[in-house]
Amino acid sequence: MKNVLAFFVAVFVAVGFFSAVFVAPANAAVKNPKVGFIFYGNEDSTYDANFINAAKRVCRNKGVEYILKMNVPESEECTQAAAELVHEGCTIIFADSFGHEPYLLEAAKRFPQAEFAHATGLKAHTAALPNFHNAFAAVYEGRYLTGIAAGLKLNEMIAEGKIAKHDAKLGYVGAYTYPEVMSGYTAFFLGARSVCKTATMDVFFTGSWYDYDAEKAAAEELIKEGAVLISQHADSLGSPSVCEANNVPNVAYNISTLKECPNTFLISSKINWAPYFAYLIECAKNNRFIAVDWTGHIEDGSVELTAPNGRTAAKGTLKAIGAAKDALAAGSLHVFDTRKFTVEGVPFNHYKATIDADNMREVIYDDYFHESEYRSAPYFDLRIDGIRLLNTAYK
């Protein structure tokens, strides 16, 4: 009888241990968490390189192990990659591409013992999963500031007789007609228009986050249409390379292209993911709640600008950006000030944005569009006057 009782006690203990290891609550403290990262591309993509560099830096500074999985498509391969990371001991798993979300969400359902975080996603605040989280930053703030640098450059070109006032046309290479891209290019344009009143802008979409040839062709088309300065929300060096070859000033995204384009690189903006990665690790270490939907801002270091290129930037660029940055932090300047733009010739005073499938919210009040306040991922999708879309086929 004692042997039988001992057997069942042993089984009970073993089962209890198994449960503790494999179905531990997602918010359990982890002294030394292991972090797994899933990237759509690799270091060749300016978008992914920005994440990769931040991930390595933060994990090393925090003294935690990490595993990087690169070139993971937006498919079931993402779920498989997440499963592999869980089996390799990762208790925090982060994916960086918009299209990864449904597949990472499936992994979160299958592995409740791990925390899953996703950049640019929409589903965390409605998924009702305690271990699934979204994060993004108010990168439109950085876009606006780089737009000021672009507008000042246009003014300089006008003053030097290189272009006429009515030729102050910007070009923008966009990936898709998603709110994330639309919010960014609109912020960039409004920043430029704040200092160069005659600025206009053409946008050309590629239908891909990373396609060197398509981005190169888009930049060539924009120049053909009269763009004298180009920026982008796309991830290769295709557009900057065209700008360098044609001596067209360029505002980059996510990284500085000063080395590759010393004669045309102007400035760049990016999301600095280090604050969020540090936040995730500290939450895991200290058994703290991880925000369902996290938004970083320029004042907490989550949005950054590179230093302007002294060879190309207009005089006074750094001072103008600094003043605008201070005003943004103080709340006296709002990027999407509705007094500064119109839609089809009409001021926009009310707008209900789609926050999720069952949630429409009024987002214009106090004279500005409240971007990224009701979810971290952008939802600005107005088509304002002064911006011409050369194609709109990509959703």
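**Local backbone features, a helix pair and a parallel sheet**

Ser-372 is buried, its relative accessible area being 5%, which places it under the 20% limit for that class. The structure described here is a predicted model. The loop that holds Ser-372 runs between strand S18 (368–369) and strand S19 (387–389). Although Ser-372 is not a glycine, its phi is positive, at about 60 degrees.

A positive phi is also found at Asn-287, which is not a glycine either; here the value is about 55 degrees. Asn-287 belongs to the loop that links helix H10 (274–286) to strand S11 (293–296). With a relative accessible area of 43%, Asn-287 is partly exposed, because this class covers values between 20% and 50%.

Glu-362 is part of strand S16, which comprises residues 359–362. Its relative accessibility of 27% makes Glu-362 partly exposed. Ten residues separate Glu-362 from Lys-352 along the chain, yet their C-alpha atoms are 4.3 Å apart. When neighbours within four places in sequence are set aside, the contacts of Glu-362 are Asn-349, His-350, Tyr-351, Lys-352 and Tyr-374.

The packing of two helices is considered next. Two packed helices are described by the angle and the distance between their axes. For helix H8 (residues 212–224) and helix H9 (residues 238–246), the axes come within 7 Å and the crossing angle is roughly 45 degrees. H8 is therefore oblique to H9, since the angle falls between the limits of 35 degrees for roughly parallel and 65 degrees for roughly perpendicular. The crossing of H8 and H9 is right-handed. On the H8 side, the contact involves Tyr-212, Glu-215, Lys-216, Ala-219, Glu-220 and Ile-223. H9 contributes Gly-238, Ser-239, Ser-241, Val-242 and Asn-246. Sorted by class, the residues in the contact of H8 with H9 are four nonpolar, four polar and three charged.

The remaining description concerns a sheet. An open sheet is formed by six strands with parallel pairing, in the order S2-S1-S3-S4-S5-S11. Strand S2 (66–69) and S11 are the edge strands; each has a single partner strand, so one side of each lacks a neighbour in the sheet. From one strand to the next, the twist averages 20 degrees.

S3 has parallel pairings with two strands, S1 and S4. Four bridges connect S1 with S3, and Val-35 stands opposite Ile-92 in S3. The pairing of S3 with S4 is also made over four bridges, and here the bridge partner of Ile-92 is Glu-115 in S4. The residues of S3 point in opposite ways: Ile-92 and Phe-94 to one, Ile-93 and Ala-95 to the other. Ile-92, Ile-93, Phe-94 and Ala-95 are all buried.

Terms used: Residues numbered from 1 in each chain as written. Predicted model: local features only at pLDDT ≥ 70, side-chain atom pairs only at ≥ 80, totals over all residues. Heavy atoms only, no water. Buried < 20%, exposed > 50% of the residue type's maximum accessible area, 1.4 Å probe, protein only. Axes fitted to C-alpha atoms, helices over the stretch in contact; angles between N-to-C directions. Parallel < 35°, antiparallel > 145°, perpendicular 65-115°, else oblique. Left-handed = near helix turned anticlockwise from the far one by under 90°. Contact = heavy atoms within 4.5 Å. Nonpolar A, V, L, I, M, F, W, Y, C, P; charged D, E, K, R; others polar. Pairing = 2+ DSSP bridges.
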